[in-house]
Amino acid sequence: MKQFTLNGQLTESDHSTVFELLDAQGLTQGRFAVEIDGVLVPKSRLTATELKDGMSIEVVQAVGGG
């Protein structure tokens with residue numbers, strides 16, 4: 001199990017990639033942005049980004065409205 005921070009919460013997971021983790025958490029729906037260790041990561045790279053101990057992952061969901 002890997003330990004990391006997801007949106008400010010200490011979390012554990014056995015997923016291999018960041019995309020697998022986010023998909024399992026329901027965070028890949030609609031428009032979203034992902035920052036890993038302070039760096040914005042393109043969605044196209046999430047399936048190739050290995051989930052590692054100590055990572056800090058922030059996910060922001062875009063919400064429409066007026």
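**View 1. Strand 3 and strand 5, an antiparallel pair in a predicted model.** Strand 3 (residues 32-36) and strand 5 (residues 56-61) run antiparallel and are joined by five bridges, where two strands count as a pair if DSSP finds at least two bridges between them and where strands are DSSP runs of E with at least two residues, helices being runs of H or I with at least four residues, each numbered from the N terminus. The bridge partner of Phe-32 in strand 5 is Gln-61, Glu-35 stands opposite Glu-58, and Ile-36 has Ile-57 as its bridge partner. The model is predicted, so that local features need pLDDT of at least 70 and side-chain atom pairs count only at pLDDT 80 or more, whereas totals for chains, interfaces and linings use all residues. Residues are numbered from 1 along each chain as its sequence is written, and side-chain values use heavy atoms, with hydrogens and water left out.

View 2. Strand 1 and strand 5 run parallel and are joined by two bridges, with Leu-6 standing opposite Ile-57 of strand 5.

**View 3. The hairpin of strand 1 and strand 2.** These two strands run antiparallel and are joined by five bridges; within the pair, Leu-10 of strand 2 is the bridge partner of Thr-5. Two residues lie between the strands of this hairpin, and Asn-7 is in the loop between strand 1 (2-6) and strand 2. The phi of Asn-7 is near 50°, a positive value in a residue other than glycine. Most residues other than glycine have a negative phi. Asn-7 is partly exposed, at a relative accessible area of 34%, on a scale where buried means under 20% relative accessible area, exposed means over 50% and partly exposed lies in between (1.4 Å probe, protein chains only).

**View 4. The hairpin of strand 3 and strand 4.** Three bridges join this antiparallel pair, in which Val-34 stands opposite Val-41 of strand 4. The hairpin has two residues between its strands, and the loop between strand 3 and strand 4 holds Asp-37 and Gly-38. Asp-37 has a phi near 50°, a positive value in a residue other than glycine, and counts as partly exposed at 48% relative accessibility. Gly-38, by contrast, is exposed, with a relative accessible area of 56%. The C-alpha atoms of Gly-38 and Gln-61 are separated by 17 Å, the two residues being 23 apart along the chain.

**View 5. Ile-57 and the largest nonpolar core.** Ile-57 lies in strand 5 and is buried, with a relative accessible area of 0%. The largest nonpolar core has 15 residues, of which Leu-22 and Ile-57 touch the most other members; such a core is a set of buried Ala, Val, Leu, Ile, Met, Phe, Trp, Tyr and Cys residues joined through side-chain atoms within 4.5 Å. Strand 1, helix 1 (18-24), strand 3 and strand 5 each supply at least two residues of this core. In soluble globular proteins, nonpolar side chains tend to be buried together. Not counting residues up to four places away in sequence, the contacts of Ile-57 include Phe-4, Leu-6, Val-18, Leu-21, Leu-22, Val-34, Ile-36 and Leu-51, contact meaning heavy atoms within 4.5 Å. The C-alpha atoms of Ile-57 and Gly-8 are separated by 8.1 Å, although the two residues are 49 apart along the chain.

**View 6. The faces of strand 3 and the ring of Phe-32.** Phe-32, Val-34 and Ile-36 make up the covered face of strand 3, whereas Ala-33 and Glu-35 make up the uncovered one. The charged end of Lys-43 sits over the ring of Phe-32, 4.9 Å from its centre, the criterion being that NZ of Lys or CZ of Arg is within 6 Å of the ring centre and within 35 degrees of the ring normal. A search of the whole structure finds zero aromatic pairs, where rings of Phe, Tyr and Trp (its six-membered ring) pair if their centres lie within 6.5 Å, with planes under 30 degrees apart counted as stacked, over 60 as edge-to-face and the rest as tilted.
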